[in-house]
Amino acid sequence: TGINFEKYDDIPVEATGNDIPNPITSFEESDLEPLLAQNIALAGYTTPTPVQKWSVTIGGAGRDMMACAQTGSGKTGGFLFPILNVAFKNGPAPGRELDTKNRSYGGRPKAMPIALILSPTRELSSQIFEESRKFCYRSWVHPCVVYGGSDIGAQISQINRGCDLLVATPGRLVDMIDRGIISLKYVQFLVLDEADRMLDMGFEPQIRKIVEGEDMPGSADRQTLMFSATFPKDIQHLARDFLKDYIFLSVGRVGS
Ligand code: ADP
Ligand code: MG
């Protein structure tokens, strides 16, 4: 739905940066974890979009990425596939499992996600969460979502049932971090989706508080993927501050 592959083959993709890994050509020939490949097939995806072809290998190589791509280019799979491929391969980290049990909040384990996806709105966050549920199916990775304008108590009970991959709007996440409900100390993968829109909505202070906070591993100790439709000055600054030796991916015509 929403993707015209005939048109896609004409869309130019340009990758710039150091030591760029080759993109995958198909899901079958890309050595994906069997469970992820199964879930992708169950979702009805047969061919990766250009963003997905590149991000799977860039992510697998442990590299940071800044991708400029238009709406409908398959960016959600573009970050979920590389993250889940690595997460399924590695399995849960024993240290984190113990830590989660020991540091409880209200008698329940405190949430310590390994992947954090920041997204501008409730609607977009819910969409990403629904996509994550499909691709995490029958795996150890429990996805969850938090956003503003909705009962925080219900969201707390949901994340306390398991929170390995967290989709969040910046404001509600800051609130939950301040209340000690969520810790970011085990984040290995950080995604900023629709970064230009988050800045347009005035979320830069919250985003900086989250990403530059004490709890969050530094850029050398996490993998960061940024997505934006445009690449204006303020996004360039975020990329400079949050990413390390990143690969820049430009899909189609990109405005600035
Ligand atoms: P973006 O975030 O770039 O706007 P999405 O990730 O939301 O795009 O994808 C747009 C639509 O295309 C969604 O309905 C999604 O399920 C579908 N889609 C994404 N990747 C594929 C694929 N490889 N094969 C088939 N459908 C896909
Ligand atoms: Mg999207």
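A polar contact is a pair of N or O atoms within 3.5 Å; within protein, one atom must be able to donate a hydrogen and the other to accept it, and residues adjacent in sequence count only if both atoms are side-chain atoms. The legends below describe a predicted model, in which local features need pLDDT of at least 70, side-chain atom pairs count only at pLDDT 80 or more, and totals for chains, interfaces and linings use all residues. Residues are numbered from 1 along each chain as its sequence is written, chains are lettered from A and ligands numbered from 1 in the order in which they are written, and side-chain values use heavy atoms, with hydrogens and water left out.

**View 1**
A backbone N or O atom of Thr-47 lies 2.8 Å from a nitrogen atom of ligand 1. An oxygen atom of ligand 1 is 2.7 Å from a side-chain N or O atom of Tyr-45. Gly-72 takes part through its backbone: one of its polar atoms there is 2.6 Å from an oxygen atom of ligand 1. On its own, ligand 1 has 560 Å² of accessible area, and the protein covers 81% of it. Such areas come from the Shrake-Rupley method with a 1.4 Å probe; for residues, only the protein chains shown count as cover. There are 16 residues around the ligand (a heavy atom within 4 Å of it). Tyr-45, Thr-47, Gly-72, Lys-75 and Thr-76 come nearest.

Helices here are DSSP runs of H or I with at least four residues, strands are runs of E with at least two, and both are numbered from the N terminus. H4 spans residues 75–90, 16 residues in total. From its first C-alpha to its last, H4 reaches 23 Å, close to the 22 Å expected at 1.5 Å a residue. That expected span is 1.5 Å times one less than the number of residues. Of the 16 residues in H4, 13 are buried. Buried means under 20% relative accessible area, exposed means over 50%, and partly exposed lies in between (1.4 Å probe, protein chains only). Just after H4, Gly-91 takes a positive phi of about 75°.

H2 covers residues 34–42, and its buried residues are Leu-36, Asn-39 and Ile-40. Seen down the axis of H2, these buried residues fall within an arc of 105°, so they line one face of the helix. The arc is taken from the directions between the helix axis and the C-beta atoms. An α-helix has 3.6 residues a turn, so residues three or four places apart point the same way. Pro-34, Ala-41 and Leu-42 are exposed on the other side of H2. The cover over the buried residues of H2 includes H4 and helix H6 (122–136).

**View 1. Ser-228 in strand S9.**
Strand S9 runs over residues 223–228 and holds Ser-228. Ser-228 is buried, at a relative accessible area of 0%. Its side chain makes a polar contact of 3.4 Å with the side chain of Asp-196. Beyond four places in sequence, Ser-228 touches (heavy atoms within 4.5 Å) several residues, including Met-66, Cys-68 and Ile-235.

**View 2. Leu-173 in helix H8.**
Leu-173 belongs to H8, residues 170–178. Leu-173 is buried, with a relative accessible area of 0%. Apart from residues up to four places away in sequence, Leu-173 touches Leu-116, Leu-118, Leu-166, Ala-168, Ile-182 and Ile-210. Gln-188 is 15 residues from Leu-173 in sequence and 17 Å from it in space, C-alpha to C-alpha.

**View 3. Gln-155 in helix H7.**
H7 (residues 152–160) contains Gln-155. Gln-155 counts as buried at 6% relative accessibility. Leaving aside neighbours within four places in sequence, its contacts include Val-145, Tyr-147, Arg-172 and Met-176.

Gly-17 sits in the loop between strand S1 (13–16) and H2. Gly-17 is partly exposed, at 42% relative accessibility. Asp-31 also lies in the loop between S1 and H2. Asp-31 is exposed, at 69% relative accessibility. Its phi is near 60°, a positive value in a residue other than glycine. Asp-245 is placed in the loop between helix H11 (233–242) and strand S10 (247–251). Phi of Asp-245, near 35°, is positive too. At 47% relative accessibility, Asp-245 counts as partly exposed.
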